[in-house]
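Work through the exercises below with the model open. Try each task before reading its solution.

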Amino acid sequence: MLPTLLPYRSAEIHSLKTPHSGDAAFVLIRAAVALDQAAITRLVQGERLNPNGLAWQNFIVAVVGGAVVGAVQMRQHDDDSLELGSLVVHREHRRRGIAGRLITVLLNLHAGQVHVITHRKNAVHYRRWSFRPIALGLAAHAVQRNYCLGQLAALISLVRGRWPRRLMILRRG
Ligand SMILES: CC(C)(COP(=O)(O)OP(=O)(O)OC[C@H]1O[C@@H](n2cnc3c(N)ncnc32)[C@H](O)[C@@H]1OP(=O)(O)O)[C@@H](O)C(=O)NCCC(=O)NCCS
């Protein structure tokens with residue numbers, strides 16, 4: 001079953017247009033719209049992130065000069081658990097704080113418990129939002145399922161000669 005789509009109130013997010021210090025370009029963080037779907041899919045698939053469940057309705061995006069350069073989503077699973085996922089920023093726009101801004105805006109819209117499945121080496125970046133590692137058995141069932149699918153994808157990578165990414169489940173709240 002597809003996760004329930006979250007109705008973001010765009011007005012809340014549009015007000016977060018912020019200039020970047022020392023940078024002429026503005027980074028607009030807003031709710032995704034249907035026209036963003038192709039850009040979201042391209043960004044996520046370009047980084048070999050989970051290619052499933054990429055409906056634009058769950059995403060917020062970062063826009064520079066009219067182009068979508070970053071994205072993140074909140075998956076709402078059928079067991080009502082929430083999982084932040086599909087975090088990606090275009091290579092040319094990295095290290096400007098866009099990922100951090102996307103995460104902050106998304107979490108401001110979702111109080112309560114949120115999971116993240118991430119590469120072990122990235123877990124440290126989520127501490128500032130109070131995410132902590134948890135054991136697989138403590139995660140919501142839908143998140144456990146996604147974690148296992150991620151591990152399966154890692155095994156397939158190994159068979160194809162690519163070094164797999166080691167995953168970890170984090171939770172806040
Ligand atoms: C991870 C990523 C989204 C960070 O985007 P960004 O806009 O450059 O991040 P910020 O500018 O907010 O943060 C800067 C720093 O924190 C790191 N960072 C911040 N949030 C991160 C996160 N959630 N996961 C990993 N690294 C993160 C950045 O790599 C960078 O580290 P550095 O300064 O040591 O190089 C980007 O590098 C990317 O798209 N990578 C490929 C996809 C990916 O790995 N997604 C994360 C899946 S968990």
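Helices (H or I, at least four residues) and strands (E, at least two) are DSSP runs, numbered from the N terminus. The model is predicted.

**Exercise 1. Find the buried face of helix H2 and what it packs against.**

Step 1. Locate H2 at residues 37-46.

Step 2. Pick out its buried residues. A residue is buried if 20 or more other C-beta atoms lie within 10 Å of its own. In H2, Ile 40, Leu 43 and Val 44 qualify.

Step 3. Look down the axis. These residues span an arc of only 95 degrees, so they sit on the same side of H2.

Step 4. Check the other side. Ala 38 and Gly 46 are exposed there.

Step 5. Name the packing partners. The buried residues of H2 pack against strand E3 (59-64), strand E4 (67-76) and E5.

Step 6. Step just past the helix. Arg 48 has a positive phi of about 55 degrees.

**Exercise 2. Is Asn 52 buried or exposed?**

Step 1. Asn 52 is in the loop between H2 and E3.

Step 2. Count neighbours. There are 12 C-beta neighbours inside 10 Å. The cut-off for exposed is 12 or fewer.

Step 3. Conclude. Asn 52 therefore counts as exposed.

Step 4. Look across the chain. Asn 52 and Asn 146 are 94 residues apart in sequence, and 9.9 Å separates their C-alpha atoms.

**Exercise 3. Trace the strand pairing from E2 to E4.**

Step 1. Start with E2, residues 26-31. E2 runs antiparallel to E3, joined by 4 bridges.

Step 2. Ile 29 has Ala 62 of E3 as its bridge partner.

Step 3. Move on to E4. E3 and E4 are antiparallel too, with 6 bridges. Val 64 is the bridge partner of Ala 67 in E4.

Step 4. Inspect the turn. The E3 and E4 hairpin has 2 residues between its strands, and Gly 65 takes a positive phi near 55 degrees there.

**Exercise 4. Which strands pair with E8, and in what sense?**

Step 1. Take E6 with E8 (residues 167-172). The two run antiparallel, with 6 bridges. Val 114 pairs with Arg 172 of E8.

Step 2. Take E7 (residues 132-133). E7 and E8 share 2 bridges, again antiparallel. Here Pro 133 faces Leu 170 of E8.

**Exercise 5. Describe helix H4 and sort its faces.**

Step 1. List the buried residues: Ala 142, Val 143 and Asn 146.

Step 2. Look down the axis. The buried residues of H4 lie within an arc of 100 degrees, so they line one face of the helix.

Step 3. Turn to the other side. Among the exposed residues there are His 141, Cys 148 and Leu 152.

Step 4. Find the contacts. The buried residues of H4 pack against E5, E6 and E8.

**Exercise 6. Characterise the shell around the ligand.**

Step 1. Count the shell. It holds 15 residues, and the closest are Arg 94, Ala 99, Gly 100, Asn 122 and His 125.

Step 2. Assign elements. Strand E5 (82-89), helix H3 (98-108) and strand E6 (114-119) each give two or more residues.

Step 3. Sort by class. The shell has 5 nonpolar, 6 polar and 4 charged residues.

Methods. Residues are numbered from 1 along each chain as its sequence is written. This is a predicted model: local features need pLDDT of at least 70, side-chain atom pairs count only at pLDDT 80 or more; totals for chains, interfaces and linings use all residues. A residue is near a molecule or strand if its C-beta atom, placed from the backbone, lies within 6 Å of it. Ala, Val, Leu, Ile, Met, Phe, Trp, Tyr, Cys and Pro count as nonpolar, Asp, Glu, Lys and Arg as charged, and the others, Gly among them, as polar. Two strands pair if DSSP finds at least two bridges between them. The expected span of a helix is 1.5 Å times one less than its number of residues. The arc is that of the directions from the helix axis to the C-beta atoms. Two residues are in contact if their C-beta atoms, placed from the backbone, lie within 7 Å.
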